[in-house]
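Please look over the structure below.

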Amino acid sequence: MSPRNLLPIMVVGVVVVAGVVIPAPAARNEAVPTIKIVSSLPRSGSAKGQTDTIVDGIRLALSEIDSKVTLGGVQYQIEYKDLDDATAAAGAWTAEAETANANLARRDQDVMVYIGTYNSGAASISMPILNQAHLLMVSPANTAVGLTKPGLGERDEPKRYRPTGEINYVRVVPTDDFQGAAGAEWTKALGCKSVYILDDNEVYGKGIADLYEAHARKIGLNVLGHESIDSKAQEFSALMTKIKSKAPDMLYFGGTTQSKAGQVAKDLASYGPPGCKMMAPDGCYELAMINSAGADVLNDRFYVTFGGLTTDKLAETPGGKNFFEKYKALYGKEPAEAYALYGYESGRIAIEAIKRAGKKDRDAIRKAALSIRNFPGVTGTWSFDENGDTTQQEIFGIVVRNGKFVFVSKLTVTQK
C-alpha cells in the first residue's frame with residue numbers, strides 16, 4: 001500500500017484513517033424545553049380495564065394540543081408518563097408503589113402535574129408528599145370526603161394532607177357526601193324498608209358506607225347492621241347466612257371490585273335473603289364487576305351510583321358527544337369504561353392550569369388550577385370550589401341488565 005493511501009480521506013460525516021471509520025462530531029442540538037405530566041393509577045390487577053380508559057382520556061386531551069404548549073414565547077414539549085401504583089402480586093394499589101411514584105414526581109423538577117389517584121386510600125399516601133413539593137395533583141376518581149372537606153372525615157382531615165397549609169389537590173368527580181345520601185334515598189325509592197351495610201374497611205369504602213348509613217337512618221330506613229369485611233377472604237357464605245336471618249331488602253356494600261364486591265354479590269345470591277337487592281358506589285361501576293360476579297347474578301338486582309352518565313347517555317349531551325367523537329376518531333372505538341371521560345377531564349385541567357400559569361413553575365401552576373371557574377367540561381360547565389372540589393355534584397343511578405350497565409335516573413337528595 002502506498003504511503004499516500006494512509007493519508008486521511010475526508011468524506012461527508014466521517015473521517016477515514018488507516019481503514020478505521022471515525023464518526024465526525026455531531027452538530028450541536030439544543031435540548032427541547034420539556035414539561036412532564038405523570039399519572040399514578042393501578043395499571044395491574046382487575047382495575048386495569050378501567051384505568052386503560054383513564055389513560056386513553058389523558059392522551060386524548062394531550063393530542064388536542066399536539067402535546068405542546070407555549071409559555072412566555074417559548075414552546076414546550078409535554079411528555080406524559082403512565083405510572084403504576086399497583087403490583088402484580090397484590091393485584092391492586094399498594095402504599096409502597098404509590099409512595100415511590102410520588103417521590104419520583106417530587107424529585108423530577110420537570111414534572112409539573114401529577115394525575116391521580118384512582119383509589120382514595122392511595123391519595124392519602126401521596127398527597128402530603130406532593131403538597132410539600134407544591135406540585136399540582138388532579139384526581140380523576142377519588143371521592144372520599146376527608147381528602148378535601150373539613151368536618152366530614154377524621155378529625156385531622158384534610159389538614160394532615162396539607163403540611164404546607166396550601167391546597168395542591170383538586171378533583172373532577174363528585175364527592176361521597178352527596179353520593180352516599182343519594183344512594184340511601186334511591187334505596188328507599190326502590191321500595192326497600194330495611195338495609196344491611198358492609199364495607200371494605202378502606203378510606204373510600206368505609207367512608208361512603210358511613211355516609212350512606214347516616215342518611216339512611218335520617219330518612220327512616222331500618223339499618224339492621226353494619227360491619228367491615230376482610231377483603232382478603234376468599235368467600236363470605238357464613239356472613240351471608242347471618243345476614244339472611246335479618247332478612248334485609250337491600251345489601252349496601254361500601255367498596256370496590258378490587259375489595260371483593262363481586263364475591264359479595266355471588267355469595268349474597270347463593271346464601272343471602274331471597275330477593276335481596278345489592279347497591280354499591282362508583283368504585284364498582286366497571287366491567288370487571290360484571291365479569292367478577294357474573295351477569296346472571298347481577299341482573300336487575302345490582303344497583304350502582306355514579307357521578308356521571310352511562311356512556312350511551314353521555315353521548316347525548318353536547319360536551320359528551322364531542323368527547324365521544326374525538327375518542328372514537330383517535331382510538332377507533334368507544335370508551336369501554338365510564339371513567340375515560342374523567343381521565344380526559346383531568347388531562348384538560350392539567351393543560352388549562354399550565355396555560356393559565358404562563359410559566360414552567362409548580363407553584364404558579366398549582367395556584368392557576370385552583371382559580372379555574374366556569375370550565376366547559378364534558379358533563380357541563382363547572383368550577384373548583386375553595387376546597388379544590390368540582391361544583392358538579394350530580395349523581396346518577398345505574399342498574400345491571402342483560403350483562404350491561406343501564407341508566408335508570410338522575411338521583412336527588414331531598415333531605416339535607
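In which loop is the place of Lys260? Lys260 sits in the loop between strand S14 (250–254) and helix H7 (261–271). Helices (H or I, at least four residues) and strands (E, at least two) are DSSP runs, numbered from the N terminus. This is a predicted model, in which local features need pLDDT of at least 70 and side-chain atom pairs count only at pLDDT 80 or more, while totals for chains, interfaces and linings use all residues. Residues are numbered from 1 along each chain as its sequence is written, and side-chain values use heavy atoms, with hydrogens and water left out.

**Helix H11**

- H11 has 14 residues and spans 20 Å from its first C-alpha to its last, close to the 20 Å expected at 1.5 Å a residue (the expected span is 1.5 Å times one less than the number of residues).
- Gly320, Phe323, Phe324 and Tyr327 are the buried residues of H11 (buried means under 20% relative accessible area, exposed over 50%, partly exposed in between, with a 1.4 Å probe and protein chains only).
- Seen down the axis of H11, these buried residues fall within an arc of 100°, so they line one face of the helix (the arc is that of the directions from the helix axis to the C-beta atoms).
- Pro318 and Ala329 are exposed on the other side of H11.
- The buried residues of H11 pack against H1, helix H10 (311–314) and helix H12 (340–357).
- Gly332, which follows H11, has a positive phi near 70°.

**H1 against H11**

- Helix H1 (residues 48–63) packs against helix H11 (residues 318–331) at an angle of about 95°, and their axes are 10 Å apart (axes are lines fitted to C-alpha atoms, for helices over the stretch in contact, and angles run from 0 to 180 degrees between N-to-C directions).
- H1 and H11 are therefore roughly perpendicular to each other (65 to 115 degrees).
- From H1, Thr53, Asp56, Gly57, Arg59, Leu60 and Ser63 meet Phe323, Lys326, Tyr327, Leu330 and Tyr331 of H11 (contact means heavy atoms within 4.5 Å).

**Backbone features in loops**

- Phi of Lys260 is positive, near 85°, in a residue other than glycine.
- Asn201, not a glycine, has a positive phi of about 65°, and Asn201 lies in the loop between strand S12 (194–199) and helix H5 (203–218).
- The peptide bond from Gly116 to Thr117 is cis, with omega near 5°.
- Glu157 and Pro158 are joined by a cis peptide bond with omega of about -5°.

Methods
Angles under 35 degrees count as roughly parallel, over 145 as roughly antiparallel, 65 to 115 as roughly perpendicular and the rest as oblique.
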